[in-house]
Amino acid sequence: MKTTFTAAILLGTAFSAHAGETVVKVGFCARTITSAAAPFAIAMKRGWYGKAGLKVQLVPVPGSTDCVKLVATGDLPWSLPSIEPIPAARQQGVKAKIFYTAYQGNIYGIAVLKESAIRSVKDLKGKKIGVASMGSAGVPVARGILAMNGLDPDNDAQIVVVGEAAQAAALIRGGQVQALSLYDTQYALVESAGQPVRLLDSGPVARFPSNGFFALEETVKKDRARAVALTQGYAMGTVFAMANPEAAVKILYDVYPQTKPSGKTDEQALRDDVKTLLARAEHWKLEAGGVKRWGESSIKDFDAYEDFLLKWGVIKQKVPATDLVTNDLLDAINQFDADKIANEARAYR
C-alpha cells in the first residue's frame, strides 16, 4: 500500500500525453522545479523527447533519499538522486544503479552568511545547520563534513529543516540557523533572495560525483530504449543550456511557467535564473569529473566517495562501485552531434 506521501506525489502530477507518446515519470529530487530542470525543458521544447515517443513528467520529491525509496518500491521508474542513499539501498536488496551521471562535480556543501564570524567547519560546534529536508543528501554530506573536521554529527551540531530558496534565506538571515547544507542552485536562489552566503571548505567532497539517473536494473533491461532516449535528450539539453544559458532559461519558463519568479521584472527574473543555471552548469561539465562522454560514471571517483562516506560514518558498509553505477548505455546515449547542438543553441532566438 502506498504511503500518503507517495500517493500525493503521484496523484498531484498527473497529465495526459499526446497520441503516440508515453508518459515517463522522473523523480526530481527537490521540492520545487528550478532552472536545474532546463535540460528536460529544452529536450521537450526542441521535440527530442517527442520524436522518441516520450512525454517526460518531472515529479518533485523532497530529496535524494526519497527518490531512491520511490524507485525501490516501484512508485517511480526513474529518478535523479545523489549517491549517498544508494549503498544502503543496495545492501537491503534493492538492485538498482545510476546509469547516467548528470552532475560530475559534487553539488553539495556547507555555507554561512557572507559576513559570518564562522570561518571553518570546526566553528560549527554548537550551531544549527539548515537542510532542505531530512531526505535531502544535504544531511549525510553535512554529517560527513562535520566528522571529517573532528566534530560529532550527533552531538556537536544540530541539523534542522529550513526548506528551500527564500525560506532558507530568511531563516539564516534571522539567525534561526547559523549555516546551510544545501546545493549549488539553492545557494544561487538564496543569494537571489537577497542573502549572500559563503561556502566553507569541504575538503575532498567538492571533487566527488553527485546526482545521476537511477533505476532498477530490471527497468533498464526491460526499457533500455526508453532509458537511452530519456538520458540522451537530457544530455542534448545539457549541451544546449551550456551553450546558451539565457535561451535555456526562457525555454524553461515556457515549458514550466511556475518556475518564473513573481514579484520581479522579466529582466531581473532572467538574470537571477541564468545565475542559478550557471551554478549548476559548473557541475555538468565533463571536465568536473575527468570524463569524456556525457553521463559517464568515473568508477574510481565513486569508489573514492564511498571510501569517504564509510570513513566518516555516513554509510555503514561499502559496496562495489560497479554495484552503484554502470556505463553500459553510454555508447547509445552519446549517439548525437554535440557540436551541432551547441551551434544551434548559440543561434537560437
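Mentor: Two strands pair if DSSP finds at least two bridges between them; strands (E, at least two residues) and helices (H or I, at least four) are DSSP runs numbered from the N terminus. This is a predicted model, where local features need pLDDT of at least 70, side-chain atom pairs count only at pLDDT 80 or more, and totals for chains, interfaces and linings use all residues. Residues are numbered from 1 along each chain as its sequence is written, and side-chain values use heavy atoms, with hydrogens and water left out.

Trainee: Which residue in E9 stands opposite Val 112?

Mentor: Strand E5 is joined to strand E9 (residues 197–199) by 3 bridges, and the two run antiparallel. Opposite Val 112 stands Arg 198.

Trainee: Which residue in E8 stands opposite Ala 111?

Mentor: E5 pairs with strand E8 (residues 179–183) in the antiparallel sense over 4 bridges. The residue opposite Ala 111 is Leu 180.

Trainee: Is Glu 267 buried or exposed?

Mentor: Buried means under 20% relative accessible area, exposed over 50%, and partly exposed in between (1.4 Å probe, protein chains only). Glu 267 lies in helix H12 (residues 266–284). Its relative accessible area is 55%, so Glu 267 is exposed.

Trainee: How many residues of strand E5 are buried?

Mentor: Strand E5 covers residues 108–113 and is mostly covered. The count of buried residues is 6 of its 6.

Trainee: How far apart in space are Glu 267 and Ser 79?

Mentor: In sequence, Glu 267 and Ser 79 are 188 residues apart. From C-alpha to C-alpha, the separation in space is 32 Å.
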